Amino acid sequence: MLSNYRLTNNKIKNSSNLNVLISTFLLIGLGILFFYVFHTDFKEFNEQRQSSTFGYLFMLIALGLFIYKVFFFLFMFYKYFKYKPIEAVSNKELPKITVIVPAYNESQQVFDTLMSLNKSDYPKDKIQLISVDDGSKDDTWLWMQKAKTILGENLELHKQPKNMGKRHALYYGFNNGTGDVFVTVDSDSIVTKNTLKNLVSPFIKDENCGAVAGNIRVLNKAKELLPKMLDVSFVLSFEFVRSAESTLKSVFCTPGALAAYKKENVLNCLNEWINQTFMGKPSDIGEDRALTNMILKQGKHVLFQRNAVAFTNVPDKYTGLYKMFIRWGRSNVRESIEMSKFIFTNFRKGSKIGSRLLFISHVTELIMSFPFLIFMLFFVAVHPLLFLGSTLVTILIYSTFSVVFYAYRYEIKEAVWAYTYSILYTFGLFWVTPYAIVTASRRGWLTRGLAEKK
């Protein structure tokens with residue numbers, strides 16, 4: 001009976017996903033029709049905006065940004081093709097590492113994560129595995145103890161007296177780690193067999209390497225709609241953007257799901273990191289971005305390893321998705337402010353222009369989010385059908401690169417979800433960045449309550 005229910009449920013989900021995909025292309029087709037019908041209105045709309053000083057100034061800025069974005073994209077495209085992941089070094093050359101797995105309300109998933117790490121081909125005598133329960137309210141600690149019975153002395157466990165936040169859980173690991181390299185893995189992530197080797201090899205090949213970002217894919221994308229979309233987004237964000245950033249030795253964020261840090265560089269900023277505040281309040285989000293920033297500030301290289309893969313769970317409901325993006329957005333605001341304090345100084349040897357161009361691109365997107373939000377609302381009020389048509393045509397043009405890139409790296413049947421994701425983001429999440437900016441000082445992880453766990 002249970003198997004019949006699952007089979008029926010899977011058929012319903014697959015049918016629903018297919019309907020959404022068909023609706024996506026119908027909507028884009030409708031947008032093309034609207035744009036074709038009202039394209040003369042579009043010309044008149046632009047002429048009317050240019051007739052006023054404010055409108056002309058906005059159009060001029062928008063044009064300038066568009067030209068900058070085109071050249072910046074071509075620059076990143078060139079850098080992407082220059083990128084090559086560093087091959088794994090021999091077992092003899094590999095450093096001793098400490099792998100830290102913080103967990104909060106993760107239940108059985110933390111067990112699966114620890115088991116995947118134990119299956120790694122990294123030399124067992126060179127790996128210290130620490131898992132920290134950050135005061136979970138579910139059965140996470142029991143699953144960690146079950147892993148301990150299997151792994152024995154290969155796994156060290158610690159239970160925080162109360163929920164103190166992921167940063168404090170990692171802090172415990174950093175203080176008790178004996179490895180030369182710290183590896184952080186989220187408790188809802190699964191690593192492949194050769195991930196750890198590939199992740200830490202850049203520290204051997206590049207003596208100035210201070211941190212390495214892993215390649216993150218979506219674990220729970222088999223049936224759910226939002227994870228399918230996010231997987232396409234992650235591939236572009238990691239395998240294109242971070243590949244290009246890596247050639248500039250300036251990956252801006254080492255993801256919490258999988259990252260590695262040289263011990264000495266972590267210890268150099270550990271007190272500053274754990275005591276970090278924003279507008280007088282302790283920082284309890286963005287610990288990965290903050291640590292990356294502090295290591296870049298030390299003049300160290302931050303690289304990306306495409307061949308070091310971790311699969312992680314992502315929200316499968318709209319509420320969880322926008323909360324995750326709000327948290328990321330607030331972190332982006334905070335750390336962009338921090339980065340502005342050193343990015344234009346002589347913070348490291350060698351060329352820094354690539355790092356500065358990346359920073360300008362990031363900050364421009366933040367600054368222009370409010371003017372574009374106002375313009376969008378005005379456009380909707382003046383000519384809603386023209387807005388719909390022009391926006392959907394723009395989505396078709398921009399998202400096609402994501403589709404082509406994903407299809408080039410993996411398969412076309414999954415790549416088309418880039419169109420659906422762009423529509424969702426444009427019409428359902430357009431408010432997130434402005435909201436994250438005005439609420440940047442707010443605390444809270446937002447997506448780790450028991451009610452959100454299945």
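Biologist: Which helix does Leu196 lie in?

Modeller: Leu196 lies in α7, residues 195-205. Helices here are DSSP runs of H or I with at least four residues, numbered from the N terminus. This is a predicted model, where local features need pLDDT of at least 70 and side-chain atom pairs count only at pLDDT 80 or more. Residues are numbered from 1 along each chain, and side-chain values use heavy atoms, without hydrogens and water.

Biologist: Why is Leu196 called buried?

Modeller: Buried means under 20% relative accessible area, with a 1.4 Å probe and protein chains only. Leu196 has 0%, so Leu196 is buried. Leu196 touches Ile97, Val99 and Leu117, among others. Contact means heavy atoms within 4.5 Å.

Biologist: How do you know that the span of α8 agrees with its number of residues?

Modeller: The expected span is 1.5 Å times one less than the number of residues. Helix α8, residues 225-247, has 23 residues and should span 33 Å; its end C-alpha atoms are 33 Å apart, so the two agree. α8 also has a kink of about 25°, centred on Val241. The bend at a residue is the angle between axes fitted to the seven residues ending there and the seven starting there.

Biologist: What makes α12 oblique to α13?

Modeller: Helix α12 (residues 353-367) and helix α13 (residues 369-382) pack at about 40°. Angles under 35 degrees count as roughly parallel, over 145 as roughly antiparallel, 65 to 115 as roughly perpendicular, and the rest as oblique. Therefore α12 is oblique to α13.

Note on methods: Helix = DSSP H or I, 4+ residues; strand = E, 2+ residues; numbered from the N terminus. Axes fitted to C-alpha atoms, helices over the stretch in contact; angles between N-to-C directions. Buried < 20%, exposed > 50% of the residue type's maximum accessible area, 1.4 Å probe, protein only. Lists of a residue's contacts leave out its neighbours within four places in sequence.
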